[in-house]
Amino acid sequence: MFCCLLLALATTPADARPRTSEPTISTEADAPPPSADLTEVVEAAELGNRGDRKGAIKLLDGVLARRPDHAEARLLRGLQHYLLGHSEEAIVDLSEALPGGRYEESLAETNFDEVTNATYVLDLGGTRATGAAMLVALHVRAKDLDEATEVLDYALDRHGETASLLAADAYLRHARGDDSAWARLTEAVRASRGEGFVQAIVAELSARDAEAVPSDVYAWLESSGDWKTPYNRAVAELKAGRHAQCVATIAGGLGANPGHQKLLELGYRCAARSDRGRADTWLEGLGGPRRAPAGDVLAHADLCRTAGDDKRAEALIDGLPRRLDAGSARRASTFLIDLLLTRGDVGRALRVADGTAPDADARVAHALIQQGEVETALRLLERACPMLAGEPSHQSCMQLLQWARTN
């Protein structure tokens with residue numbers, strides 16, 4: 001029985017388009033076996049679709065060694081190189097497979113007879129449009145905008161405004177500083193059926209210029225489950241000090257990507273400085289204070305302290321790992337000592353004063369002197385003051401030490 005396999009040679013299965021013409025009906029008896037080259041191209045495409053791009057390239061290398069003019073093999077190899085980040089190799093293969101005489105010759109010679117007889121259908125039209133879009137992007141990244149323009153014009157003339165080519169056009173316009181790039185990108189999104197190339201271009205441009213992304217483009221990316229888009233936007237908001245907006249952006253990203261580690265980490269960083277409720281929730285998702293950056297936990301504790309929740313602030317500091325880098329350890333000790341002194345718990349503050357934060361230890365000594373415990377304060381100051389040499393608080397510490405020695 002005749003069977004038909006639709007082979008997707010683009011970035012995702014969504015890039016493949018079935019032929020619109022009616023299939024040829026034949027029997028197994030009168031269908032000749034596929035050629036070895038075609039079989040290996042089909043196998044390479046299947047490997048690529050499963051993510052084994054290096055395996056696909058190895059097979060295609062063999063086909064092209066026998067038939068250097070095999071346009072489908074060269075096109076597919078160019079796509080695999082692009083997806084692996086092999087820019088130079090991708091440019092060579094796609095430039096050879098797509099434009100000029102080779103392109104026209106391939107269209108004339110490939111009439112699907114061999115493909116149909118072998119019971120395979122290769123989606124050349126859709127794949128070539130995606131390949132051309134990739135080639136445009138590669139030339140843009142190489143800062144060869146004139147070459148990118150030539151390839152784009154050529155492809156648009158032959159394939160029309162496909163989603164991938166619209167995205168490539170937006171990419172090129174953005175590189176030229178053309179404000180119409182975002183409108184073009186919106187057209188690409190509206191025409192898209194979830195093509196991987198379109199998603200990648202939208203995500204890249206969104207990362208470069210997060211605040212300029214049109215709302216409908218951003219919503220499309222969010223709905224596609226792309227975590228990098230909310231992440232990049234939140235990074236920009238964090239850098240600008242817009243912590244509340246950052247929290248809202250991450251909350252939306254986590255809605256589509258529940259429990260995503262990087263989103264949780266960035267979200268906690270923003271929430272620790274603006275939103276106690278979210279901070280508590282996301283810290284729990286990270287695994288508690290021991291699993292989060294100490295600086296963010298300290299910011300969270302300070303947020304709680306400002307809100308009057310000293311108990312929660314103290315619990316956060318107590319939850320930090322016992323081994324911290326020197327800077328974080330000093331900040332944590334300073335925070336806890338100052339919190340205890342504000343609460344009037346000088347006894348516990350003294351137990352915390354272990355030399356990690358000598359300036360805070362000096363404040364404990366001052367509190368002890370006020371309580372009349374001069375000898376205990378003296379021992380604390382004799383350790384703390386030398387450690388403050390070269391720091392602004394050194395002089396005041398030495399003055400307090402001198403007073404303790406003479407009283």
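This is a predicted model: local features need pLDDT of at least 70, side-chain atom pairs count only at pLDDT 80 or more; totals for chains, interfaces and linings use all residues.
Trainee: How are α18 and α19 oriented to each other, roughly parallel or roughly antiparallel?
Mentor: Helix α18 covers residues 310–318 and helix α19 covers residues 326–343. Their axes come within 10 Å and cross at roughly 150°. Angles over 145 degrees count as roughly antiparallel. The two helices are therefore roughly antiparallel.

Trainee: Which hand does the crossing of α18 with α19 have, and how many charged residues are in the contact?
Mentor: The crossing is left-handed. From α18 come Asp310, Ala313, Glu314, Ile317 and Asp318, and they meet Ala332, Phe335, Leu336, Leu339, Leu340 and Arg343 in α19. By class, the residues of this contact are seven nonpolar, no polar and, for the class asked about, four charged.

Trainee: How is α19 oriented to α21, roughly parallel or roughly antiparallel?
Mentor: The axes of α19 and α21 come within 8 Å, and their crossing angle is roughly 20°. Angles under 35 degrees count as roughly parallel. That is why α19 and α21 are described as roughly parallel.

Trainee: Which residues of α21 make the contact with α19, and how does the contact divide by class?
Mentor: The crossing of α19 and α21 is left-handed. On the α19 side are Arg330, Thr334, Ile337, Asp338 and Leu341, and on the α21 side are Pro358, Asp359, Ala360, Asp361, Arg363, Val364 and Ala367. The residues of this contact divide into six nonpolar, one polar and five charged.

Trainee: Which residues is Phe335 in contact with, leaving aside neighbours within four places in sequence?
Mentor: Phe335 is one of the α19 residues that meet α18. Its contacts beyond four places in sequence are Leu298, Ala301, Asp302, Arg305, Ala313 and Ile317.

Trainee: What is phi of Lys143, and is Lys143 buried or exposed?
Mentor: Lys143 belongs to the loop between α7 (124–141) and α8 (145–159). Its phi is near 65°, a positive value in a residue other than glycine. With a relative accessible area of 73%, Lys143 is exposed.

Trainee: Where is Arg242, and which residues does Arg242 touch beyond four places in sequence?
Mentor: Arg242 lies in the loop between α13 (228–239) and α14 (243–256). Its relative accessibility of 28% makes Arg242 partly exposed. Arg273 is 31 residues away in sequence and 9.9 Å away in space, C-alpha to C-alpha. The residues that Arg242 touches, with those up to four places away not counted, are Glu211 and Glu237.

Methods:
Residues are numbered from 1 along each chain as its sequence is written. Side-chain values use heavy atoms; hydrogens and water are left out. Axes are lines fitted to C-alpha atoms, for helices over the stretch in contact, and angles run from 0 to 180 degrees between N-to-C directions. Angles under 35 degrees count as roughly parallel, over 145 as roughly antiparallel, 65 to 115 as roughly perpendicular and the rest as oblique. A crossing is left-handed if the near helix is turned anticlockwise from the far one by less than a right angle, and right-handed if clockwise. Contact means heavy atoms within 4.5 Å. Ala, Val, Leu, Ile, Met, Phe, Trp, Tyr, Cys and Pro count as nonpolar, Asp, Glu, Lys and Arg as charged, and the others, Gly among them, as polar. Buried means under 20% relative accessible area, exposed over 50%, partly exposed in between (1.4 Å probe, protein chains only).
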